Amino acid sequence: MGLFGSYQNAGPGINPNAPKKKPFFRFWELLWRSLGKLLSLNILYTLLHIPLFASLIVYLETDNKLTVPFAILLLILQFMLEGPIMAGCARVLRLIVLDKAFFLGEEFKIGFFKNFVPSLLVWILDAIVIASISCGSYLYPILAEHYKAKWPYVFFVITIGVALILLFMNFYLFPMIVTTKLKTKDVFKNAFMLACLSPKACLITLGGTVLMLAIAILLIMLNSLFMGLLPFFPAAFIGYLAMFMNYPVIQKYVINPYYEQTGEQNPEEDKPIDDEERVFTDRGGTETPIKKEKTKRGKTIS
């Protein structure tokens, strides 16, 4: 931009080999740089939940013999789409964190359709476990009160622990689906191991997620007009936080060891170019800025 200086003067450029910024600063830099894509992804995520919103409208606004069956049909459709939607979002968010150039719609479509079956299977298994945990969390306190005993609380605590581990595993499940070619059982096994190896990253992700959800809920409680923010916030931003914090763990323990063992070129790393094939050398950040010298105008005789 030439608002505060001359755009005609060459600057030092950007050094391609400059050291990476610390995670905290890099997080905000990537967030600001990818803000438009995150907002677009959040809008896309909202639009793909139209069956859910439609089922609520049908159930609340209609009253006939087709109301309940049609609402259930829409919920089933949303359930079938949920896993692939998360896979599509994971593919886009991964590319944002890797700071790669991409077309959002194209990459989302690839993540959605290419991983439709495995993501759906993972989501079904995930949903079964979530339902079991929800039932246990509801029933064990009732049993403790009914039998006037404390032993049901032991199972209640175990249920909460399993729920926490499952939540941490979900930070890794869909990123691994869109990144690796592992079988479903191996995806779950690796997700469990990574959740155990990275409690700090998972807790930071959980804390950030709770904070963003609390902000969204608080704004809506203050004024219902803030419901208009939901198409733009916070779904994609929660996904960005989870990907930024947890994808490096996948790189460290899953991706990088694989390419080191096979000797293949890691596609997530820039491939070095041989000097013979190099067309030009990027000297960004090392060149001396060139300033245009001011020329004095000669005197004119009027």
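Entry one. I note at the outset that this is a predicted model, and I began with helix α6, residues 116-147, and helix α7, residues 151-179, whose axes lie 9 Å apart at an angle of about 165°. I then looked up the make-up of the contact of α6 with α7, and its residues divide into 23 nonpolar, 5 polar and 1 charged.

Entry two. I turned to the largest nonpolar core, which has 51 residues, and found Leu 38, Leu 41, Tyr 172, Phe 174, Met 176, Tyr 240 and Ile 250 to be those with the most contacts inside it. Helix α10, residues 235-262, gives the most to this core, with 14 residues. I followed up Leu 41 and, not counting residues up to four places away in sequence, listed Cys 89, Val 92, Leu 93, Leu 104, Phe 108 and Ala 236 as the residues that Leu 41 touches.

Is Arg 91 buried or exposed? I located Arg 91 in helix α4, residues 67-97, and its relative accessible area is 17%; because buried means under 20%, I recorded Arg 91 as buried. Leaving aside neighbours within four places in sequence, I found Arg 91 in contact with Glu 107, Ile 110, Gly 111 and Val 178.

How values were computed: Residues numbered from 1 in each chain as written. Predicted model: local features only at pLDDT ≥ 70, side-chain atom pairs only at ≥ 80, totals over all residues. Heavy atoms only, no water. Axes fitted to C-alpha atoms, helices over the stretch in contact; angles between N-to-C directions. Helix = DSSP H or I, 4+ residues; strand = E, 2+ residues; numbered from the N terminus. Nonpolar A, V, L, I, M, F, W, Y, C, P; charged D, E, K, R; others polar. Core = buried A, V, L, I, M, F, W, Y, C linked by side-chain atoms within 4.5 Å. Buried < 20%, exposed > 50% of the residue type's maximum accessible area, 1.4 Å probe, protein only. Contact = heavy atoms within 4.5 Å.
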